[in-house]
Amino acid sequence: MKFAIVGLGHWGPRLIPKFLKHPKVVGMYCYDIDESRSAKVAKEFPEVVVASDYRSILENEDVNAIIVATPVASHFDLAKQALEHGKHVFVEKPLTNSITDAQTLVELASARNLKLMVDHITIYSGAVRKIKELITNEDIGDILYIDTVRANLGMFQSDVNVVWDLAIHEFAIIDYLLDEMPKAVTGIGVAHYGMPEEMAYVTLFFEKGVIAHIHVSWLSPLKIRRLILGGRKKMLLFDDTSLDEKIRLFDRGVEMSAGPGASRRDIMYHDGATQVIQHESAEPLVVVVDEFVKAIDEDVTPLTDGKAGLRMVRILDAAEKSLKQQGARIRLD
Ligand SMILES: NC(=O)c1ccc[n+]([C@@H]2O[C@H](COP(=O)([O-])OP(=O)(O)OC[C@H]3O[C@@H](n4cnc5c(N)ncnc54)[C@H](O)[C@@H]3O)[C@@H](O)[C@H]2O)c1
């Protein structure tokens with residue numbers, strides 16, 4: 001298979017070696033509106049053919065699939081043209097910046113029988129898959145809450161706020177773990193520098209009372225990537241910055257012996273052992289690329305298909321609306 005990548009800024013070139021190393025990939029093309037970016041890639045990866053414009057990629061019958069790694073505002077147009085030219089498409093997160101555009105891409109891909117996949121990279125980590133397994137095996141019990149922080153110093157974006165840039169990673173993890181759309185979203189954001197909001201606090205409310213809170217920031221002195229998951233049986237901490245103890249499972253929790261109107265005397269705390277949970281450590285970027293190649297090669301639906309991309313855009317859109325209305329509750333059903 002031959003692939004073409006469009007957008008060779010910060011992220012695009014990271015994908016290139018993963019595609020080049022894939023055994024099913026026999027050739028790669030690239031294109032960027034900024035010629036200096038293409039020149040840099042040509043120097044670093046001499047086997048990648050630089051295209052002079054996007055049209056030549058669209059019209060190249062050797063190209064099976066196009067990877068879109070440009071800023072979000074251009075995703076829809078580039079992905080739509082690719083699908084219309086019969087190419088499978090891999091789009092960087094988020095799929096688009098509007099629900100209507102995301103719906104159009106999903107429908108177009110389905111009508112043309114083409115693969116549309118979104119790079120929700122966080123759920124391709126061995127740790128996140130392990131957490132899903134712990135939930136499925138009922139090690140944690142009914143989930144009560146998810147509490148996450150994804151913070152860093154930078155990188156400020158001028159076209160999207162921190163929710164579209166960072167919270168989408170958390171939304172994707174939560175979507176994968178709970179397998180359920182929230183029924184409502186609230187969000188508060190702050191912009192101290194005249195740029196899009198650089199800090200935000202988003203809450204997702206689910207049908208059976210599960211609550212998920214997401215704190216994202218480009219204004220943190222530390223890199224923090226933490227998720228706490230509270231279950232009725234056990235609780236779990238996922239610290240993605242830890243090298244060898246990413247998942248810790250706590251046999252801790254609360255048991256209530258009475259019904260509504262109970263007092264403190266009816267509460268028992270259990271405080272058992274803490275376990276470090278082992279998981280696969282394959283590089284997520286390699287796994288995500290393999291998922292896309294496999295989807296095309298074996299004609300299967302990728303885990304993060306266009307529909308998953310659309311779900312994330314719906315949550316992002318609701319969070320954005322809430323931010324603009326100082327935290328109003330936006331319903332999704
Ligand atoms: N999966 C992840 O963890 C992750 C991480 C970072 C960025 N991203 C995503 O990757 C995408 C790109 O982000 P980035 O940080 O690399 O941005 P960037 O601004 O560094 O690079 C974007 C590149 O796209 C080029 N470009 C813009 N419009 C184009 C067009 N119409 N045709 C061809 N080239 C065009 C620009 O010249 C630039 O070189 C975004 O969607 C972003 O959300 C994903």
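Two residues are said to be in contact, or to touch, if their C-beta atoms, placed from the backbone, lie within 7 Å. This report applies that definition and a few others to a predicted model, in which local features need pLDDT of at least 70, side-chain atom pairs count only at pLDDT 80 or more, and totals for chains, interfaces and linings use all residues. Residues are numbered from 1 along each chain as its sequence is written.

## Domains and their contact

The chain is divided into domain 1 (2-122 + 284-299) and domain 2 (125-283 + 316-331); such bounds come from an automatic or database domain assignment. Taken over C-alpha atoms, the centres of domain 1 and domain 2 are 30 Å apart. Twelve residues from domain 1 and 13 residues from domain 2 take part in the contact. On the domain 1 side, helix α8 (residues 284-297) gives the largest share, four residues. Helices (H or I, at least four residues) and strands (E, at least two) are DSSP runs, numbered from the N terminus. By class, the side of domain 1 that touches domain 2 has nine nonpolar, two polar and one charged residues. In this classification Ala, Val, Leu, Ile, Met, Phe, Trp, Tyr, Cys and Pro count as nonpolar, Asp, Glu, Lys and Arg as charged, and the others, Gly among them, as polar.

## The nonpolar core

In soluble globular proteins, nonpolar side chains tend to be buried together. A residue is buried if 20 or more other C-beta atoms lie within 10 Å of its own, exposed if 12 or fewer, and partly exposed in between. A nonpolar core is a set of buried Ala, Val, Leu, Ile, Met, Phe, Trp, Tyr and Cys residues joined through C-beta atoms within 7 Å.

The largest nonpolar core of the model has 90 residues, and those with the most contacts inside it are Ala-4, Ile-5, Ile-66, Val-89, Val-163 and Ala-167. Helix α7 (residues 162-178) supplies the largest share of this core, 13 residues. At least three residues of this core come from each of domain 1 and domain 2. Leaving aside residues up to four places away in sequence, Ala-167 touches Val-162, Ala-200, Val-202, Ile-214, Val-216 and Ala-319.

## The sheet

An open sheet of nine strands has the order β14-β13-β12-β11-β7-β10-β9-β8-β15, with mixed pairing. Its edge strands, β14 (267-277) and β15 (330-331), each pair on one side only. Two strands pair if DSSP finds at least two bridges between them.

| Strand | Partner strand | Sense | Bridges |
|---|---|---|---|
| β9 (residues 199-205) | β10 (residues 211-217) | antiparallel | seven bridges |
| β7 (residues 143-153) | β11 (residues 219-231) | antiparallel | nine bridges |
| β11 | β12 (residues 235-239) | antiparallel | five bridges |

Individual residues can be followed across these pairs. Ala-200 stands opposite Val-216 in β10, and both residues are among those that Ala-167 touches. Tyr-145 has Gly-230 in β11 as its bridge partner, while Ile-228 has Leu-237 in β12. A hairpin of three residues joins β11 to β12.

## The shell around the ligand

A residue is counted as near a molecule if its C-beta atom, placed from the backbone, lies within 6 Å of it. Of the 22 residues around the ligand, Gly-7, Gly-9, His-10, Trp-11 and Glu-92 come nearest. By class, this shell has ten nonpolar, six polar and six charged residues.

## A buried histidine

His-75 is placed in helix α4 (residues 75-84). His-75 counts as buried because 27 other C-beta atoms lie within 10 Å. Apart from residues up to four places away in sequence, His-75 touches Val-68, Thr-70, Val-91, Leu-95 and Thr-96. His-75 and Val-49 are 26 residues apart in sequence and 22 Å apart in space, C-alpha to C-alpha.

## Backbone features in loops

The peptide bond from Lys-93 to Pro-94 is cis, with omega near -15 degrees. Pro-94 is found in the loop between β5 (88-92) and α5 (99-111). Another cis peptide bond joins Gly-154 and Met-155, with omega about -10 degrees; Met-155 is in the loop between β7 and α7.

Glu-138 is not a glycine, yet has a positive phi of about 60 degrees. Glu-138 lies in the loop between α6 (126-136) and β7 and is exposed, because 11 other C-beta atoms lie within 10 Å. Asp-299, also not a glycine, has a positive phi of about 50 degrees. Asp-299 is found in the loop between α8 and α9 (306-324), and counts as exposed because it has 9 C-beta neighbours inside 10 Å.
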